[in-house]
Structures are given as structure tokens and as C-alpha cells.
Amino acid sequence: MSVTVITYGTFDMFHIGHLNLLRRLSEMGDRVVVGVSTDEFNLGKGKKTLIPYEQRAQIVESIKYVDLVIPEESWEQKLSDIKKHDVDIFAIGADWKGKFDFLSDLCEVQYLERTKNISTSDLKSSLKRFLSIPHEDLSKAFEVLELLRRDLE
């Protein structure tokens, strides 16, 4: 018997946490379906993405652990997606714990621990801090690093 697993996410700034999630999902079943949030759906949630939906979907689709990518356009579609794709397991990050228990009438619901010390929100905050450093300070820092590199050679 084949086991189908489904998850949803924005997958903006694809990172090792995303890859770990998709790998774990592939270990849980034979077929992995991923709902990638559209730009419009993200805006409705108050989230702005750096990478457009089409590119995020292509990135996720290219991962060997993923069998099918579908657009996530609303919260409500999870019910119909589970039925349409004959899903056995709905899995999502533990930060959503309890929010999707209502799906347990249709399939098994699992909340998975996230990869420690990595998240898109953290990456965006780091990028924002990095971009706020004055250009002169960055130039000086890179000059010092270059001198250190030369000393180590």
C-alpha cells in the first residue's frame, strides 16, 4: 500500500531546514505532495516573500524528495487537497501544533520539530541587519579579513 504525505509552506529563501523537512517527509511515505503558498495567499497572511511563487515552486519541485507541487491559495483547501490526493499523512512544523488537528478525521496529522537555529524569519532579520551596516564599515571589515587571510598563507 502506498503512503502519501502532504505539507504546506512558503519556502522563501530555501534553506537546510526546508531540505530536512522534505527529506523527513519522504522517509514517512512513498509520495510527497507540497503545497507552496502563492504570493497572493502570503500577502493575505501579512507575509511578503523575496522570491516569487513561480520560482519557489520550481525550486521545491526540483528537490528529489518531492513528487508533486501544488499552489496553496487558501487555508480551506487543505481539506479538498487531502481528499483529492488521497493523503495518508499531513505533516507540518511543530510551531503549528494543534492548529490542524481538525484534519485528523481525514488522515494522520503530525507536527515535526524544525531544524534548530534556522528559519526564514531569522535569515531575513540577519539580511536586514547586514544591509543596515554602512558601506564604509563593511569595506573596512573586508580589508581586515583580507589582511588576515594573507597572514595565514
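Colleague: Which strands are included in what covers the buried residues of helix 4?

Modeller: This is a predicted model, so the reply concerns a prediction. Strand 1, strand 3 and strand 4 are included in the cover over the buried residues of helix 4.

Colleague: Which residues of helix 4 are buried?

Modeller: A residue is called buried when its relative accessible area is under 20%, and exposed when that value is over 50%. In helix 4, which spans residues 77-84, the buried residues are Gln77, Lys78, Asp81 and Ile82. These residues lie on the same side of helix 4, because the arc they cover around the axis is only 135 degrees. The face turned away from that buried side carries Lys83 and Lys84, which are exposed. Just after helix 4, aspartate 86 has a positive phi of about 50 degrees.

Colleague: How many helices and strands does the chain have, and in what order do the elements run?

Modeller: There are six helices and five strands. Read from the N terminus, the order is β-α-β-α-α-β-α-β-β-α-α.

Colleague: What percentage of the chain counts as buried?

Modeller: The chain has 153 residues, and 39% of them count as buried. Its accessible surface is about 9700 Å², with 55% belonging to carbon and sulfur atoms.

Colleague: How many bridges join strand 2 to strand 3?

Modeller: Five bridges join strand 2 to strand 3, and the two run parallel. Within strand 3, leucine 68 is the residue opposite valine 33.

Colleague: What span does helix 1 reach, and which of its residues are buried?

Modeller: A span is judged against the value expected at 1.5 Å a residue. Helix 1 has 13 residues and reaches 18 Å from its first C-alpha to its last, close to the expected 18 Å. Its buried residues are Gly17, His18, Asn20, Leu21, Leu22 and Leu25.

Colleague: Where do the buried and exposed residues of helix 3 lie?

Modeller: Tyr53, Arg56, Ala57 and Val60 are the buried residues of helix 3, which covers residues 53-61. They are on the same side of helix 3, because their arc around the axis is only 100 degrees. Glu54 and Gln58 are exposed on the other side. The buried residues pack against helix 1, strand 2, helix 2 and strand 3.

Colleague: Why is strand 4 described as largely enclosed by the rest of the structure?

Modeller: Five of the five residues of strand 4 are buried, so the rest of the structure largely encloses this strand. As for pairing, two bridges join strand 1 to strand 4, and these strands run parallel. Valine 5 has isoleucine 89 of strand 4 as its bridge partner. Strand 4 also pairs with strand 5 in the parallel sense, over five bridges. There, isoleucine 92 stands opposite tyrosine 111 of strand 5.

Colleague: Is threonine 4 buried or exposed?

Modeller: Threonine 4 belongs to strand 1. Its relative accessible area is 5%, so threonine 4 is buried. Apart from neighbours within four places in sequence, threonine 4 has contacts with Arg31, Val33, His85, Asp86, Val87, Asp88 and Ile89. Threonine 4 and valine 33 are 29 residues apart along the chain, and their C-alpha atoms are separated by 7.4 Å.

Note on methods. Residues numbered from 1 in each chain as written. Predicted model: local features only at pLDDT ≥ 70, side-chain atom pairs only at ≥ 80, totals over all residues. Heavy atoms only, no water. Helix = DSSP H or I, 4+ residues; strand = E, 2+ residues; numbered from the N terminus. Buried < 20%, exposed > 50% of the residue type's maximum accessible area, 1.4 Å probe, protein only. Areas by Shrake-Rupley, 256 points an atom, 1.4 Å probe, with all protein chains shown as cover. Arc of directions from axis to C-beta. Contact = heavy atoms within 4.5 Å. Pairing = 2+ DSSP bridges. Expected span 1.5 Å × (residues − 1).
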